[in-house]
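Subject: The structure, and what turned up in it

Hi,

Here is the structure I promised to pass on. Have a look at it first, then read my notes below.

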Amino acid sequence: MNKTLAFLGWAMLAVVGAGAVAAIAVRRGEPINALWLVVAATCCYALGYRFYSKFVAAKILALDGLRATPAERLENGRDFLVTNKWVVFGHHFAAIAGPGPLVGPVLAAQFGYLPGTMWVLAGAVFAGCVQDFVILLFSVRRDGKSLTEMAKSEIGRVGGFVAYVAVIAILIILLGVAALIVVNALKASPWGTFTIAMTMPIALLMGVYLRRIRPGKVLEVSALGFVLVLAAIWGGQHVSQNEALARLFTFSAPTLAILIMIYGFAASALPVWLLLAPRDYLSTFVKLGTIALLGIGIVALHPTLHMPALTRFVDGTGPVFAGKIFPFAFITIACGAISGFHALISSGTTPKMIARETETRMVGYGAMMCESAVAIMAIIAACVMQPGVYFAINSPAGIVGQAPATAAATISGWGFPVTAADMQALAHAVGEQTLYNRTGGAPAFAVGMAHIFSHSLGGETLMALWYHFAIMFEALFILTILDAGTRVARFMIQDALGHVYKPLGRTSWYPSILGTSALIVASWGYFLWQGVKDPLGGINSLWPLFGISNQLLATVALCVATTIIIKMHRARYAAVTLGPLAWLVAVTFTASWHKMFDPNPRVGFLAQARVLAAGPTPLSSATVRVIFNNRLDAAVTGVLVVMVTLVLVESARQWIGILSGAREARVKEAPFVRTRLVEERG
Amino acid sequence: MNRARELLRDFLATAAATLREIFDEAAYARFLSRAGMVSSSESYAEFRREFEQAKMRRPKCC
C-alpha cells in the first residue's frame, strides 16, 4: 500500500514537473509567472535527487555505510572530524555558494528566460550535482585527497600538472572578473561606495572585538557587524544626498580599480585575524540570510516575468555579450549548472568531515541542487524587470551610446521599449544618479532583487534601501572571494616556488609574502585594468574566459571521475560522467574557437585586434594596449584548449588501455576498514 | 505534541550547530578542549595561528 502511494506521489510530481517545464518551454508572446520556474525547479530537483542520484549511488558508486571514512579513521580534532551530516551540508553549501550563480544567469538572461532556466535545471541534475557527488565520494575513499592529487594518481602526472595550472588560471581570471563586477557596481555610486568602504572599519572593529573583548564569539560579533552594516546602508543615503560627501565617495572606474587592487594586496599581506577573517564571517552571515530572504520573497510575491522566453539576441548580436546561444549561454552560466571549482571543495575540507559514505549523496548532490536553486532565483530577479530596463542597465555605452536619449532610442528600436524618463525615474527611486551602462550583472540583479523585496517587504518607499542592500550584499561577498582567493593563490604560488628556493615557500617569511601577494594582485589586476579600459566593456571578453577556464577544471574533474569509474569495473555506467564531459568539451572547444578566430570583432579576440590595427595611424597608446590585450586573451584561450586536450588524451589512453586489457584496472583507494560508528549509533 | 516539540528542538540544535561550525566557534571549542585552555585573548590568538594556514587555504567558489 505504502509503495503504491509513493509511486503515485512521485508519478504526480513527475507530471506536475513536466507540465511546468512544458509551460516554460512552449509559452510564447505573453509573460509567465515566476512560480512556473519555481514549480519546475522543485520537481526537477526532487526527481533528480530521489531517482538519478540514487541510481548513481547504488549502481556506480556502491556506497557502503559500513566502510569507515577518513573523518573516523584519521580523526585529529582539526581537519579530520566526524560531523553531523546537516552540519557538513551547511558547511559545504556555504563554501560553494558564491556570486557566480547570481551574476552568470543575469547576463545570460539577454537570450530570454528559457535557455538559462533549461541549462540550469538539466546541467545541475545531470552534470553539476553528479560531478560534486562523485568527486566527494572518491575523495572520501582516498583519505580526503585533493582533485589535483587524485588527477595525478589516477590519470598521471600530466593530469595533475594541468589541474594545478587550471586552478591558478581560474583563480586569476575569476578574481579579475569579480573585481570588475564590483567596479561596475560602485562607479558613480556614492551610496554603494560609502557602504562598502564602511565594511572595512566594521571588519577591523570585529577583528579587535574577537581578539580582545569576546574571544571566539564569532556568531555574536557577526550579528553585531550585520547591524552596523545595515546602519552603514542607511547612512549611505544621507551621504548620497549631501553634495560635499557625495563628491568624496564618487569615484571613476580606474580609481576604483586601483583602490580594489590596494585592498586585495592588504588583505593578502595583513594578519588574517585583523581584516580577512572578520569580513569572511560578516559576508557569510549576510549571504546565508539574504539567499533565504530572496527565496521567501519570490514565493511570497510570485512576480510576472516580463522578459520573453527567447529574445532576438539568440543569433549572437546581444548587447550584454556577443555570441550565439550555443555555446555562450552554457559558458556564461557555469556555477548554477556545473562548476569545476566545486570539485576543489568536494575534495577539500568536506570529505574530511563526512561520517558515513552514504551521506555523500545528500551533501554532494544535495548542496549543488541548492546552488542551482540560487541560480533560478537570479534568473527570476533579472527577468522580472521590463526588458528595456534590463538592456539599458546591462548594455555598454559602446553599443547603445552615451546619451540617455540615444540609449533609450537604440534599445526601443530592438523591440524593448524604454524611455529616458523611465530610466531617470528608476535611478531616482533607487537613489542612483544613473543606471545606464551599469554592466557586469550586479546592478541589474540588485534592481531585480530590490523590486522583489520592496514589493513583498516594505513597499516602494524602501526600494532605494533594498537596492543598496543588494549592491552591498553582492560587493561584500565578491570582495570576500577577492581577498580569500588572492590569499589562496598566494599560498599555491608559494608552495610551487618553495621547490625552487626553500625560503620562498615559507608562508611566514615577509619578503615572500609581499612578493607573491604582489605577483597575484598584478595578475588579476591586469585583467581588471583591461576590463576597465576596454571600450567594448571588459566583462564581454572576461566572463567567457572565466567560464572556459572554470569548465576546463570541470573537464579535469569529470576525466578523473570517468577514469575511476572505469577502473572500478563500472564502464557500462561511465556515460553518467562521460555524457557531461562530452557536452563540456563541445561547449568549451566551440567557445574557445569563437573567442579566438570568429571574424566578428565583438566575439573574436584576433578579429578585434585586426580591426583596431587597421584603424587610422598613428595608433593611440590606448588602442595599442587593447590590441595587445586581445592577442594575449587569444593566447590564454589557446593554452586552455591545449590543456583540455592533454588531459583528455591522457585519460583516453587510460580508458582504452583498461578496456582493451592492456592496463590493469586498479583503483588507488585507502584500504577498507569497518566503521565503529554503526555499533555506537545503533 | 511532545514529538513536535522534540523535532523542533532537534532542528534548532542542528541549525545552531551548523552555524557554530560554519563560523568556527565549534573549532575554537575543540581547540580549547584539546589544548586544555580556557577562552582568553591569548588562547584565541593561538587558535587563529593554528587554524589560519588550514582555513585560509580553503578555496571558495565563484
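Chain A has 28 helices and 2 strands. Both are DSSP runs numbered from the N terminus: helices are H or I with at least four residues, strands are E with at least two. Before you go further, note that this is a predicted model, where local features need pLDDT of at least 70, side-chain atom pairs count only at pLDDT 80 or more, and totals for chains, interfaces and linings use all residues. Residues are numbered from 1 along each chain as its sequence is written, while chains are lettered from A and ligands numbered from 1 in the order in which they are written.

**Overall build**

Why can we say that the radius of gyration of chain A agrees with a compact globule? Because a compact globule of 682 residues would come out near 26 Å, and chain A has 25 Å. (That radius is taken over C-alpha atoms, and the globule rule is 2.2 Å times the number of residues to the power 0.38.)

Of the 682 residues in chain A, 56% are buried. Buried is for 20 or more other C-beta atoms within 10 Å of a residue's own, exposed is for 12 or fewer, and partly exposed is in between, with C-beta atoms placed from the backbone. Contacts tell a story too: of those in chain A with a separation of 6 or more, 81% are between residues 24 or more positions apart. Two residues are in contact if their C-beta atoms, placed from the backbone, lie within 7 Å.

**Where the chains touch**

On this contact rule, 45 residues of chain A are in contact with 30 residues of chain B. On the chain A side, at least two residues each come from α4 (85-96), α9 (190-213), α10 (218-241), α13 (276-301), α15 (340-346) and α22 (463-498). Which helix gives the most? That is α4(A), with 7 residues. By type, the chain A side divides into 23 nonpolar, 17 polar and 5 charged residues. Here Ala, Val, Leu, Ile, Met, Phe, Trp, Tyr, Cys and Pro count as nonpolar, Asp, Glu, Lys and Arg as charged, and the others, Gly among them, as polar.

**Two helix pairs**

Two packed helices are described by the angle between their axes and the distance between the axes. Axes are lines fitted to C-alpha atoms, for helices over the stretch in contact, and angles run from 0 to 180 degrees between N-to-C directions.

Start with α8 (residues 157-186) and α12 (residues 253-269) of chain A: their axes come within 9 Å and cross at roughly 135 degrees. α8(A) and α12(A) are therefore oblique to each other (under 35 degrees is roughly parallel, over 145 roughly antiparallel, 65 to 115 roughly perpendicular, and the rest oblique). A:Ala179, A:Val182, A:Val183 and A:Leu186 of α8(A) meet A:Ala253, A:Leu256, A:Ala257 and A:Ile260 of α12(A). That makes 8 nonpolar residues, no polar and no charged.

Next, α17 (residues 387-394) and α21 (residues 442-456) of chain A pack at about 145 degrees, with axes 8 Å apart. This crossing is right-handed. The contact involves A:Tyr390, A:Ile393 and A:Asn394 from α17(A), plus A:Pro443, A:Ala444 and A:Val447 from α21(A). They divide into 5 nonpolar, 1 polar and no charged.

Most residues other than glycine have a negative phi, and most peptide bonds are trans. Here are some exceptions.

- The bond from A:Phe326 to A:Pro327 is cis, with omega near 10 degrees, and A:Pro327 is in helix α14 (residues 325-332).
- The bond from A:Thr617 to A:Pro618 is cis as well, with omega near -5 degrees; A:Pro618 is in the loop between α26 (605-613) and α27 (621-659).
- A:Asn437 is not a glycine, yet has a positive phi of about 55 degrees. Its place is the loop between α20 (420-429) and α21, and it counts as buried, with 22 C-beta neighbours inside 10 Å.
- A:His569, also not a glycine, has a positive phi of about 65 degrees. A:His569 is in the loop between α24 (539-567) and α25 (575-597) and counts as exposed, with 10 C-beta neighbours inside 10 Å.

Cheers

Note on methods. A crossing is left-handed if the near helix is turned anticlockwise from the far one by less than a right angle, and right-handed if clockwise.
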